[in-house]
Protein chains: 2
Amino acid sequence: MRFLTLLLLLVALSAAADPLPSWRDGPTKAALTGFVAAVTDAGSPDFVPAPERIAVFDNDGTLWVEQPMYTQLAFVLNRIAELADAHPEWREQQPFKAALEGDTATLGDAGMAGLMQLLMATHAGMSSDAFARIASDWITAARHPRFERPYTELVYQPMLELLDFLRANGFKTFIVSGGGVDFMRPWTETVYGIPPEQVVGSQIALEYAVRDGVPTLVREPEVAFIDDKAGKPVGIWRHIGRRPLLAFGNSDGDYQMLEWTTAGDGLRLGVLLHHDDAEREYAYDRDSHMGRLDRGLDDAAGKGWLLVSMQQDWQQVFSEPAPSAVAPVADN
Amino acid sequence: MRFLTLLLLLVALSAAADPLPSWRDGPTKAALTGFVAAVTDAGSPDFVPAPERIAVFDNDGTLWVEQPMYTQLAFVLNRIAELADAHPEWREQQPFKAALEGDTATLGDAGMAGLMQLLMATHAGMSSDAFARIASDWITAARHPRFERPYTELVYQPMLELLDFLRANGFKTFIVSGGGVDFMRPWTETVYGIPPEQVVGSQIALEYAVRDGVPTLVREPEVAFIDDKAGKPVGIWRHIGRRPLLAFGNSDGDYQMLEWTTAGDGLRLGVLLHHDDAEREYAYDRDSHMGRLDRGLDDAAGKGWLLVSMQQDWQQVFSEPAPSAVAPVADN
């Protein structure tokens with residue numbers, strides 16, 4: 001009995017000592033911990049001072065689930081339905097009609113132009129404070145269709161551990177996502193420990209105006225910046241002003257971010273998460289409409305990028321359910 | 001003798017205990033320290049959690065000297081002269097001819113369009129890494145015409161103390177400047193303790209391209225964002241995603257930043273530095289071409305903004321000379 005207690009204690013201690021318990025032991029985990037050791041050990045030839053330790057992460061499909069559709073797209077379709085009563089004309093007007101009827105074929109045909117119409121109808125015309133509340137309320141109430149859990153609980157446990165591990169080693173962690181920055185910021189701090197000012201994303205046009213005596217930032221129906229593909233290195237430079245040491249993504253939208261990051265001097269690391277786990281999450285790559293990974297899959301080995309297999313490298317996929325993942329949004 | 005030692009010790013201790021020794025005791029200093037105490041004391045009704053303690057500072061005329069001209073304008077004129085050998089056509093072509101001849105009347109007539117031509121000729125066409133090196137080299141070598149010291153030493157000692165004091169109280173300090181973000185970032189960390197990712201400023205267009213196999217961010221001759229006047233609240237929201245608690249400026253270019261900041265819920269503070277010290281620095285406000293302060297001077301009292309008098313409130317103006325203020329720029 002005493003021996004068993006000791007054994008349990010040892011198991012607990014060794015688990016506590018492992019900063020990445022949800023990553024299975026093997027070459028992938030060793031490459032991640034080895035990289036961090038190399039750039040943080042003051043005696044290492046690859047040592048980098050703490051202020052320059054910048055790590056950037058894609059969001060959709062890298063930190064949380066992006067199937068069967070991007071969460072922000074689910075938000076758009078949901079908001080169109082909620083706003084339809086105030087817009088009776090949408091019942092006959094495309095692409096709104098298709099959105100309301102769940103007619104994905106017509107939506108697909110409407111392409112990027114159609115998507116933009118839906119985006120602007122749901123993301124523009126209100127103040128920045130009002131939109132933060134709308135996004136926050138939605139994400140608190142919404143549930144994923146397959147897992148029936150809040151989206152903010154469908155974040156990847158191994159990635160939460162990696163974010164913590166990097167921060168414990170002096171890294172500053174940033175999100176660099178094609179998603180809308182104002183859709184993410186209300187909850188990234190609570191869910192990922194990443195504050196709003198460390199979230200880089202796509203941007204809608206903003207106009208400052210004093211409305212009825214109240215200084216307000218108004219969201220205008222125009223895209224100001226798309227933080228995807230070749231936009232990602234641009235977004236990083238505009239926002240951070242340094243080249244990252246580590247870039248972690250999962251799709252061809254992250255290709256240029258990894259390419260530019262790993263072309264920097266000294267030791268750098270590019271990582272791609274491969275969704276190959278249909279049982280616990282999803283399996284998709286070259287043919288997916290969301291998070292397509294094609295060119296990255298071809299070039300990863302040649303470029304020295306680390307390819308993470310969800311199925312083989314992750315002991316656990318999703319984070320444990322939290323009682324309340326989203327903090328209330330204060331009027332600010 | 002023993003009493004004198006004790007007295008000196010007490011003086012030294014009380015100086016050490018004052019976080020703002022270059023600020024003269026009085027209502028201005030009391031307002032600053034009182035504000036910080038109110039938002040950081042957990043028992044205060046105005047308490048704000050540390051992650052929300054955001055303080056934003058204008059740069060030109062707020063953290064460093066902006067007379068007789070903005071430092072970045074001195075950089076532009078200097079670079080035009082340096083590049084003139086490679087551009088013999090400039091000797092006959094306005095506004096370059098006027099810039100080379102120091103013909104400020106013609107330069108003034110050329111207005112914003114002329115200034116843009118000079119800006120683009122000196123700020124675009126190279127990689128982001130190359131520009132960082134050009135800006136860094138220039139600021140290391142350049143001297144202010146009146147004070148004959150590097151510009152990075154003409155930063156205000158009371159403001160350095162205030163930045164430190166705020167950070168020691170859990171604030172995150174940001175620069176929000178009309179100046180070019182890539183002109184400031186190479187030296188803000190060494191001089192102000194503000195890292196590149198906490199500098200918000202005007203932006204030139206960037207394009208990502210793989211040039212001769214090298215992934216590169218190329219600076220394009222087009223302005224992407226002007227972080228001045230109504231652009232400042234926009235820049236803050238885009239970059240930081242929270243409304244600041246404290247905004248500190250010195251000109252009408254900061255008016256909207258202070259207006260939007262102080263319109264937020266709870267205790268907020270807007271501060272304007274009034275340059276009224278011709279002897280130690282400069283005296284200018286309503287009629288100045290650089291850093292004009294007119295509307296802000298009229299409205300400060302009514303809006304509850306704190307007006308700092310350089311002459312009365314500051315014991316010392318400039319920081320002490322430093323042996324080497326600018327860190328070498330590494331290839332990143």
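Two strands are taken to pair if DSSP finds at least two bridges between them. Helices (H or I, at least four residues) and strands (E, at least two) are DSSP runs, numbered from the N terminus.

The structure is a predicted model, in which local features need pLDDT of at least 70 and side-chain atom pairs count only at pLDDT 80 or more, while totals for chains, interfaces and linings use all residues. Residues are numbered from 1 along each chain as its sequence is written, and chains are lettered from A and ligands numbered from 1 in the order in which they are written.

**The sheet of chain A**

In chain A, strand β1 (residues 54–57) and strand β2 (residues 172–180) pair in the parallel sense over 4 bridges. Within this pairing, Ala55(A) has Thr173(A) of β2(A) as its bridge partner. Both strands belong to an open sheet of 7 strands with mixed pairing, whose order is β4-β3-β2-β1-β5-β6-β7 (chain A). Its edges are formed by β4 (214–225) and β7 (306–309) of chain A, each of which pairs on one side only. On average, neighbouring strands of the sheet are turned by 30° against each other, direction ignored. Axes here are lines fitted to C-alpha atoms, for helices over the stretch in contact, and angles run from 0 to 180 degrees between N-to-C directions.

A helix of the other chain lies across part of this sheet: α9 (residues 231–239) of chain B lies across β3 (199–211) and β4 of chain A, and runs at about 150° to β3(A). Contact between two residues requires that their C-beta atoms, placed from the backbone, lie within 7 Å.

In chain B, strand β1 (residues 54–57) pairs with β2(B) in the parallel sense over 4 bridges, and Val56(B) has Phe174(B) as its bridge partner. Strand β3 (residues 199–211) of chain B runs parallel to β2(B) and is joined to it by 3 bridges; here Val176(B) is partnered by Val200(B).

A residue is buried if 20 or more other C-beta atoms, placed from the backbone, lie within 10 Å of its own, exposed if 12 or fewer, and partly exposed in between. Strand β2 (residues 172–180) of chain B has 9 of its 9 residues buried, so it is largely enclosed by the rest of the structure.

A nonpolar core is a set of buried Ala, Val, Leu, Ile, Met, Phe, Trp, Tyr and Cys residues joined through C-beta atoms within 7 Å. The largest such core has 74 residues, and those with the most contacts inside it are Ala55(B), Val56(B), Ile175(B) and Val176(B). Helix α8 (residues 181–192) of chain B supplies the largest share of this core, 6 residues. Leaving aside neighbours within four places in sequence, the contacts of Val176(B) include Val56(B), Val200(B), Ile236(B) and Met257(B). A second, separate core of 72 residues includes Phe75(A), Val181(A), Tyr192(A) and Ile236(A).

**Backbone geometry**

Most residues other than glycine have a negative phi, and most peptide bonds are trans.

| Cis peptide bond | Omega |
|---|---|
| Gln94(A) to Pro95(A) | near 5° |
| Gln67(B) to Pro68(B) | about 0° |

Pro95(A) is placed in the loop between α3 (71–83) and α4 (96–101) of chain A, and Pro68(B) in the loop between β1 and α3 (71–83) of chain B.

Asp212(A), which is not a glycine, has a positive phi of about 50°. This residue is in the loop between β3 and β4 of chain A and counts as exposed, with 5 C-beta neighbours inside 10 Å. Lys229(B), also not a glycine, has a positive phi of about 50°. Lys229(B) lies in the loop between β4 (214–225) and α9 of chain B and is partly exposed, with 17 other C-beta atoms within 10 Å.
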